[in-house]
Amino acid sequence: MDDLIAQHRSRGPRLYHKKSRTGCIRCKQRRVKCDEGHPSCGSCSKHAVDCVYPNTSQPLLAGAGRAPSATGHDDGLSVYSTGLRASAGPESGSEHRSSPGSGFYSSPNSSYHTSVDEGMGPDIDLLPEGQWRRVWELRLLHNHQANMVQPWSKAQNPEIVRMWEWDIPDMALRMAQHNRCTLLYTLLASSALYMWTKSTDSQERAELMKLQQMYLIMLSKEQRRDVDEMSQNIPHNADYICFSSLRILAHSLALVQTLTVDPWEPPVQWLHLGRGAGEVLVMARGLINPDTNPKIKLFLKSPPNLNDPEELIFCDHSPLDWLLEHPSGPGSAAAREDRELEDEEVLSVYGKALSYTCHLQRAVDRGEPDFAIVRRLCGFAVWVPVEFTKFVEERRPRALVILAHFMSLWLSYENIWMIGRAGEWQIRGIHKILPMDWSFKLDGLFAKFKQPEAGM
């Protein structure tokens with residue numbers, strides 16, 4: 001009887017449309033009308049997936065073709081990088097990498113499954129539309145407004161607080177209505193990461209990390225369109241692109257706390273993402289009409305001033321020069337064989353990293369508020385030469401020692417959600433892989449670790 005009733009149940013009117021004979025493959029597979037837009041149709045742009053037409057052999061990324069790397073080099077980890085590792089936390093001894101065909105971690109009542117592989121087919125959505133996604137996005141947006149607008153111990157300028165509390169979320173939602181979602185996806189990714197840092201439920205943490213990764217993939221595709229637009233000197237969205245880049249920069253800093261200690265994972269994603277976002281920010285600022293009053297001006301005029309290279313990377317770094325000295329002593333045979341610092345460019349890279357670390361130490365000593373210090377922490381990825389990141393990836397002892405001392409300045413700010421215990425974990429990880437003769441240069445840092453409270 002139930003089957004009979006179901007067969008005769010009234011149905012809504014069927015919507016007809018003219019067939020698109022030259023539409024993209026994804027629209028054909030979904031049996032929806034393709035607007036045949038190029039380089040990406042409207043449907044593929046909306047869902048942030050690759051758009052492939054039958055007569056093309058290569059997919060066109062939603063919104064734009066791949067723009068040149070924002071870092072000026074093709075390292076694969078620029079502002080477009082997403083980092084698909086789903087870490088169980090810094091203390092995890094293994095990496096959880098998503099492979100083609102692996103399923104998205106679903107809610108208990110969720111029927112949605114999708115691959116997290118960036119090379120997925122064009123017919124698969126990263127985050128399918130549906131109730132499950134809508135509920136999560138409402139939770140993430142509520143969390144952002146309730147917990148993330150003013151995370152500092154000392155309140156910022158009321159105008160700045162209002163900007164982050166009202167103007168930026170409003171900008172993100174208004175631009176999303178026009179299919180520009182970089183800022184919205186960045187807010188959602190950051191909110192998911194925030195909730196990951198606070199959650200104690202392993203199932204929820206796994207799901208939040210997957211959400212964070214998915215929104216990173218989606219925002220990176222949106223950001224390509226922004227960069228492509230800037231390359232054509234289109235200025236009308238420059239203010240929006242500036243704030244998107246700032247949020248990507250902050251989010252990349254917060255990702256450091258997700259890296260594992262054993263085996264140690266260097267924070268190169270932060271360094272690459274941060275540098276790329278910084279360069280996009282500079283490009284976007286150059287397109288802003290000086291006769292207008294964009295919101296980004298209010299932020300850039302607020303402290304601290306991070307525009308003076310003389311203060312940031314060319315200042316006195318003599319207090320830390322001992323980090324560059326060979327541990328065997330200047331007259332030893334090992335020191336004579338060590339010719340790394342004979343390369344003036346290498347010495348210059350180390351000098352700038354030391355200068356930035358010393359400038360940050362002076363800001364801490366002056367008692368600058370925590371929001372100013374965090375902005376300075378973000379600036380390391382922007383100002384320190386990209387070659388330093390390469391030296392870290394190569395695990396050069398001098399680069400690792402400098403990085404550890406920079407990370408020691410994070411230790412006093414563990415109460416800030418973006419920082420957590422990232423500084424301590426990075427120092428411990430670096431100490432594990434440093435050559436024995438270099439490890440003593442980190443000895444003084446362990447005394448700075450926060451001691452567990454009695455009874456903990």
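Modeller: Let us begin with aromatic pairs: two rings of Phe, Tyr or Trp, the last by its six-membered ring, form a pair if their centres lie within 6.5 Å. The model before you is predicted.

Colleague: How many aromatic pairs does a search of the whole structure find?

Modeller: The search finds 13 aromatic pairs. One of them joins Tyr-350 and Phe-391, with 5.5 Å from centre to centre and 55 degrees between the planes, and this pair is tilted. Tyr-350 belongs to helix 13 and Phe-391 to helix 15, so the pair ties together parts that are 41 residues apart in sequence. Both Tyr-350 and Phe-391 are buried.

Colleague: What geometry does the pair of Phe-380 and Phe-388 have?

Modeller: That pair is edge-to-face, with 80 degrees between the planes and 5.9 Å centre to centre. Phe-380 counts as buried, because its relative accessibility is 0%. Phe-388 is likewise buried, with a relative accessible area of 0%. Ring pairs also link Phe-380 and Phe-388 with Trp-270, Tyr-356, Phe-406 and Trp-410 into a cluster.

Colleague: Which residues make the contact?

Modeller: Helix 13 contributes Val-346, Val-349, Tyr-350 and Ala-353, while helix 15 contributes Glu-387, Phe-388 and Phe-391. Of the residues in this contact, six are nonpolar, none is polar and one is charged.

Colleague: Which residues touch the most other members of the largest nonpolar core?

Modeller: They are Trp-270, Phe-388 and Trp-410, in a core of 112 residues. Apart from that core lies another, of eight residues, including Cys-27 and Tyr-53.

Colleague: Where does Val-256 lie, and is this residue buried or exposed?

Modeller: Val-256 sits in the loop between helix 8 (238-254) and helix 9 (268-285). A residue is buried when its relative accessible area is under 20%; Val-256, at 3%, is therefore buried. Leaving aside residues up to four places away in sequence, Val-256 touches Pro-267, Trp-270, Met-407, Trp-410, Ala-422 and Gln-426. The C-alpha atoms of Val-256 and Ile-419 are separated by 7.9 Å, although these residues are 163 residues apart along the chain.

Technical notes
Residues are numbered from 1 along each chain as its sequence is written. This is a predicted model: local features need pLDDT of at least 70, side-chain atom pairs count only at pLDDT 80 or more; totals for chains, interfaces and linings use all residues. Side-chain values use heavy atoms; hydrogens and water are left out. Helices (H or I, at least four residues) and strands (E, at least two) are DSSP runs, numbered from the N terminus. Buried means under 20% relative accessible area, exposed over 50%, partly exposed in between (1.4 Å probe, protein chains only). Contact means heavy atoms within 4.5 Å. A nonpolar core is a set of buried Ala, Val, Leu, Ile, Met, Phe, Trp, Tyr and Cys residues joined through side-chain atoms within 4.5 Å. Ala, Val, Leu, Ile, Met, Phe, Trp, Tyr, Cys and Pro count as nonpolar, Asp, Glu, Lys and Arg as charged, and the others, Gly among them, as polar. Rings of Phe, Tyr and Trp (its six-membered ring) pair if their centres lie within 6.5 Å; planes under 30 degrees apart count as stacked, over 60 as edge-to-face and the rest as tilted.
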